Amino acid sequence: MRYDVIVVGGSFAGLSAAMQLARAQRRVLLVDAGQPRNRFAEASHGFLGQDGSAPAHIRRLGLKQVGAYPTVDLAQDVAQSARRAGDGFRVTLAEGGEAESRRVVLATGVADDLPLPSMQARWGVSVLHCPYCHGYEVRDRPLAAIANHPMAAHQALLLPDWGPTTYFTQGWFEPSPEEAAQLAARGVAIERTPVVELLGEGPRTEALRLADGRVVPAEAVFTAPRTRMASPLAEQLGCAFEDGMTGPHIVVDPMKQTSVPGVFAAGDAAQPMHNATLASAAGVMAGVAAHRSLVLAEAA
Ligand SMILES: Cc1cc2nc3c(=O)[nH]c(=O)nc-3n(C[C@H](O)[C@H](O)[C@H](O)COP(=O)(O)OP(=O)(O)OC[C@H]3O[C@@H](n4cnc5c(N)ncnc54)[C@H](O)[C@@H]3O)c2cc1C
């Protein structure tokens, strides 16, 4: 059977795209490997109606609601490759053979490369990427901003609204004179000796060991991991990329159309700012735009 749309990725962006297409009664195959980026967090915050829910709970609910539409097939599988086939696309699944569709929505997210090995076991609990997502839960505790990209001083500038903050330049990301003045005005301490290890019983953090042997208290660490595509599909299909703050993302127009006609992309994989609500909103747009492009082709 040829689907109208194959949506790859069944989290905030992919489920939101599939929902719009399902409600337009289009044949949709939603393929998901079940590895959303926020799976390390105990709770997800800021998503309206689901503030504080476990990420797995939100995803399960979304899958249940989207899967209830009769024109949707759900596949718990990995889409290994995708290529153009005639006027549509052919997607190869790790376990489920091949599937064909007229359009593809890529909602495959990104994967994180953390700057220090001791961060991995703490990721999503006491090592955090975003104060809006998790700052409230660690408020009033000693906070560290560990620089990993040129905008790191900006994140440090935000943090005093949640707790007393030290900005660790790691020897690489010295604030400009203007940034240093802003940090001083916000009461942020600046430490230039690199952090080499996080201490405390993971996933909690109690302190940081610096390269000169000093140990300084910190109960939550904010950092921006380098991000990379969680899947090679966009590259295989020939989509254009551009560099964002933390890594590459797929180039899309306002309708979430990529540089490859018929391929739409949404969510973290296709935008520089990473947040569940933004991913979901982009997924809605991708679903609507994929539907619109089918309609326009049928009306031509
Ligand atoms: C630790 C952590 C905590 C976070 N907490 C919050 C928070 O509290 N609030 C908030 O707003 N944001 C939070 N975020 C950001 C939020 O998780 C992301 O913005 C959001 O998950 C992006 O949604 P997405 O659908 O684009 O990608 P993802 O949620 O990452 O989902 C991508 C899906 O695609 C699947 N996939 C990838 N490749 C393939 C393939 N080839 N075949 C099949 N399936 C595939 C994956 O398995 C995954 O299920 C957090 C991020 C992290 C890292």
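**Gln25, an exposed residue with a positive phi.** Gln25 counts as exposed because 12 C-beta neighbours lie inside 10 Å. Although Gln25 is not a glycine, its phi is positive, at about 60°. You will find Gln25 in the loop between H1 and strand E2 (28–32); helices (H or I, at least four residues) and strands (E, at least two) are DSSP runs, numbered from the N terminus. Please keep in mind that this is a predicted model: local features need pLDDT of at least 70, side-chain atom pairs count only at pLDDT 80 or more, and totals for chains, interfaces and linings use all residues. Residue numbers start from 1 along each chain as its sequence is written.

**Lys256, a buried residue with a positive phi.** Lys256 is not a glycine either, yet its phi is positive, at about 70°. With 28 C-beta neighbours inside 10 Å, Lys256 counts as buried. Look for Lys256 in the loop between strand E18 (248–250) and strand E19 (263–265).

**The cis peptide bond at Pro203.** Gly202 and Pro203 are joined by a cis peptide bond, with omega about 10°. The loop that holds Pro203 runs between strand E12 (195–199) and strand E13 (207–210).

**The hairpins of E4, E5 and E6.** Strand E4 (residues 79–85) and strand E5 (residues 88–93) run antiparallel and are joined by six bridges; two strands pair if DSSP finds at least two bridges between them. Within this pair, Ala82 stands opposite Val91 in E5. The hairpin of E4 and E5 has two residues between the strands, and Gly86 takes a positive phi near 60° there. E5 also runs antiparallel to strand E6 (residues 97–106), joined by five bridges. Thr92 has Glu98 in E6 opposite, and the hairpin of E5 and E6 has three residues between the strands.

**The open five-stranded sheet.** The strands follow the order E8-E15-E9-E10-E11, and their pairing is parallel. Strand E8 (127–128) and strand E11 (189–191) each have a single partner strand and stand at the edges, so one side of each has no neighbour in the sheet. Val221 in E15 is the bridge partner of Val127.

**The nonpolar cores.** The largest nonpolar core has 51 residues, and Ile6, Ala18, Val105, Leu106, Ala265 and Ala266 have the most contacts inside it. Such a core is a set of buried Ala, Val, Leu, Ile, Met, Phe, Trp, Tyr and Cys residues joined through C-beta atoms within 7 Å. Helix H1 (residues 12–23) gives the largest share of this core, eight residues. A second, separate core has 27 residues, including Ala144, Ile146, Phe222 and Ala224. Returning to Ile6, and leaving out residues up to four places away in sequence, its contacts are Leu29, Val31, Phe89, Val91, Ala99, Ser101 and Val104; a contact means that the C-beta atoms, placed from the backbone, lie within 7 Å.

**His134 in helix H3.** His134 counts as buried because 23 C-beta neighbours lie inside 10 Å. Apart from neighbours within four places in sequence, His134 is in contact with His45 and Leu128. His134 and Leu157 are 23 residues apart in sequence and, C-alpha to C-alpha, 16 Å apart in space.

**The shell around the ligand.** The ligand is surrounded by 43 residues, and the closest are Gly9, Ser11, Asn38, Gly109 and Gly267. H1, E2, helix H3 (131–134) and helix H7 (276–299) each give two or more residues to the shell. By class, the shell has 19 nonpolar, 20 polar and four charged residues. In this count, Ala, Val, Leu, Ile, Met, Phe, Trp, Tyr, Cys and Pro are nonpolar, Asp, Glu, Lys and Arg are charged, and the others, Gly among them, are polar.

How values were computed
A residue is buried if 20 or more other C-beta atoms lie within 10 Å of its own, exposed if 12 or fewer, and partly exposed in between; C-beta atoms are placed from the backbone. Two residues are in contact if their C-beta atoms, placed from the backbone, lie within 7 Å. A residue is near a molecule or strand if its C-beta atom, placed from the backbone, lies within 6 Å of it.
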